[in-house]
Amino acid sequence: MANWGRTARTACMAVCALQLAGCAALITTTETTDPDLVVCMKYGSGKGVMGFGGVAEKYGAEIRRRGLLSEKEWQAAAQGAVFLGMSTCGLYASLGRPHHENKTVTASTDRIQHVYRGIYSVRGTYVYTDRGKVTAWQN
């Protein structure tokens, strides 16, 4: 009976290892095929999170390879900052995935309100973009 328990435990560990290996393989293949904004979002959501540093590094390398951020946007992303005129990709690289987005489309604009919620508060930060550039924010 003790032998069966050891076998089951080994089998379970093997299945878990295969699943983790599959996830790792998925990450390495999607970083080069994801759309630009998704790459920036995954980078911003992963940086600074324990256990996701390697993933953020891979997405950061892909952002550099594609030339998606200016040097000023890289500096802002490193500080978690936003500035007027920053691209939506820069916003995502800096703050990660927003909690929610509200979109307004008219004949002359394509405005998006990006809602970022704090971990310990209901109050959030609202960043506004128009045609892919940050135009305002409030918190």
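Helices (H or I, at least four residues) and strands (E, at least two) are DSSP runs, numbered from the N terminus. The model is predicted: local features need pLDDT of at least 70, side-chain atom pairs count only at pLDDT 80 or more, and totals for chains, interfaces and linings use all residues. Residues are numbered from 1 along each chain as its sequence is written, and side-chain values use heavy atoms, without hydrogens or water.

Helix α5 is mostly covered, with seven of its eight residues buried (under 20% relative accessible area; exposed is over 50%, partly exposed in between; 1.4 Å probe, protein chains only). The buried set is Thr88, Cys89, Gly90, Leu91, Tyr92, Ala93 and Ser94. These residues pack against α2 (36-46), α4 (71-79), β1, β2, β3 (124-130) and β4 (133-138). Just after α5, Gly96 takes a positive phi of about 85°.

Leu91 sits in α5, which spans residues 88-95. Its relative accessible area is 0%. Beyond its neighbours within four places in sequence, Leu91 is in contact (heavy atoms within 4.5 Å) with Val82, Met86, Gly96, His114, Tyr116, Val127, Thr129 and Val134. Leu91 and Thr129 are separated by 38 residues in sequence, yet their C-alpha atoms are 9.3 Å apart.

Thr109 occupies the loop between β1 (100-105) and β2 (110-117). Thr109 counts as buried, at 13% relative accessibility. Its side chain makes a polar contact with the side chain of Thr106 at 2.8 Å. A polar contact is a pair of N or O atoms within 3.5 Å; within protein, one must be able to donate a hydrogen and the other to accept it, and residues adjacent in sequence count only if both atoms are side-chain atoms. Leaving aside neighbours within four places in sequence, Thr109 is in contact with Thr104, Asp130 and Arg131.
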